[in-house]
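Hi everyone, thanks for coming.

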Amino acid sequence: MSDYEEKHNVVIACKSKGYLISNLIDQFDKDIFQVNQISSMAMINKISESTQAYVLYLEEELLEDSQLLIYIRDKATEEGIPLFVVGDPMEIESIRNTFSSDLVAREFKRPVNIKDVVNEIHKYLLEHVGIERKIILAVDDSGVMLNSIKNWLGDKYQVLLADSGMMAVKSITITRPDLIILDYEMPVVDGRQVLAMIRSERDFADIPVIFLTGRQDKESIMDVLDLKPDGYLLKTMKPYAVRQYIDEFFNKRDAQLKSNLLRKS
Amino acid sequence: MAYNTDELNVQEGLEYSMDNVDFYKEILETYMEETTDQIKQMDEYLAAGNMPEYATLVHAVKSGSRLIGAAALGEDAFALEQKSKADDIDFVRANHDNLKAHVDVVFEAIRGYIAEIS
């Protein structure tokens, strides 16, 4: 999601200001979420009308602030906003009278991996709140590669898979992706031919294509670049690097689209 | 360790699986199925002397092997990829069975690892 689109608001109720809470806030994808921490009733003006999730980060002090807890419970109930709870088993047990189980979307019992907590919340919101995800079509004849790409990018993007060039062309006619990650070397119809097919169809010609190549020598990379793809990824790249590359690709592209729109208006 | 760690670097494979052991296990199973099919097809292409198609398949074996953490097998596949692209069928004929034997060793390591985590 680009900066000019509305972000999704998440409110975290927590009294402490330690490393764990900053880590929790940091783990949310800033391109998609606006995260605010509130620690008292004096801060409820930070709760946006468009809040889409509440996270209760339980500790002793928060449990003592029944006014704040009840306020959040009522807001979540009235507006049907999902509520997530992080705490140790005793703490979670102690709020059961205030927060009925049907109000709590997910509970995370300590000890927890904060990254897993955020991934779960991310996933829940993507599935239930209708956050629009960009669609990536990954094309590769290797199921190992396709499944890996889905694993690397699937929590943030909707990843469609095609295991052949022909399957890719068919898929594009059904669902237009925002980006195609295309293997260069495939049997029957290779990446070069798939790209040529896409570029020759007026309706699809502007879909960005990033090549995925296992070949790292200069000559091979020049061959790939001659086809004028929108980028290329090496199969030897680590997952975080692939993810960063794709995120940056979309950020740049969205910024460019925004500037084109502003120029036209 | 009940499996050959020289042939299967689990730490590296897990890195490509975002440290998710369940997912890594799935990927290993997919890899074994897929590589078995690829080797069968490579047998046929080699018998027919079709080096371009052989090269495409051995390239896929190379990429898949590297992704699961079987770098040594990836290197063998890479050598065959280079030679098949250069249409050096004699080299491919002389080394194809070695690649198959190496695949079996990696499969054995995978089975050992899966048994260990199950």
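Helices themselves are DSSP runs (H or I, at least four residues; strands are E, at least two), numbered from the N terminus.

Which residues make the contact? On the helix 2 side of chain B they include B:Ile27, B:Leu28 and B:Tyr31, and on the helix 3 side B:Leu57, B:Val58 and B:Val61 are among them. Two residues are in contact if their C-beta atoms, placed from the backbone, lie within 7 Å. By class, this contact has 12 nonpolar, 4 polar and 2 charged residues. Nonpolar covers Ala, Val, Leu, Ile, Met, Phe, Trp, Tyr, Cys and Pro; Asp, Glu, Lys and Arg are charged; the others, Gly among them, are polar.

A quick word on the source: this is a predicted model, where local features need pLDDT of at least 70 and side-chain atom pairs count only at pLDDT 80 or more, while totals for chains, interfaces and linings use all residues. Residues are numbered from 1 along each chain as its sequence is written, and chains are lettered from A and ligands numbered from 1 in the order in which they are written.

Now zoom out to the whole of chain B. It has 5 helices and 0 strands, and buried residues make up 39% of its 118 residues. Buried means 20 or more other C-beta atoms within 10 Å of a residue's own, exposed means 12 or fewer, and partly exposed is in between, with C-beta atoms placed from the backbone.

Next, find the loop between helix 1 (10–16) and helix 2 of chain B, where B:Met18 sits. B:Met18 has a positive phi of about 55° although it is not a glycine. B:Asp19, in that loop too, has a positive phi of about 60°. Are they buried or exposed? B:Met18 is partly exposed, with 16 other C-beta atoms within 10 Å, whereas B:Asp19 is exposed, with 12.

Finally, the two chains meet: the contact takes 17 residues from chain A and 19 residues from chain B.
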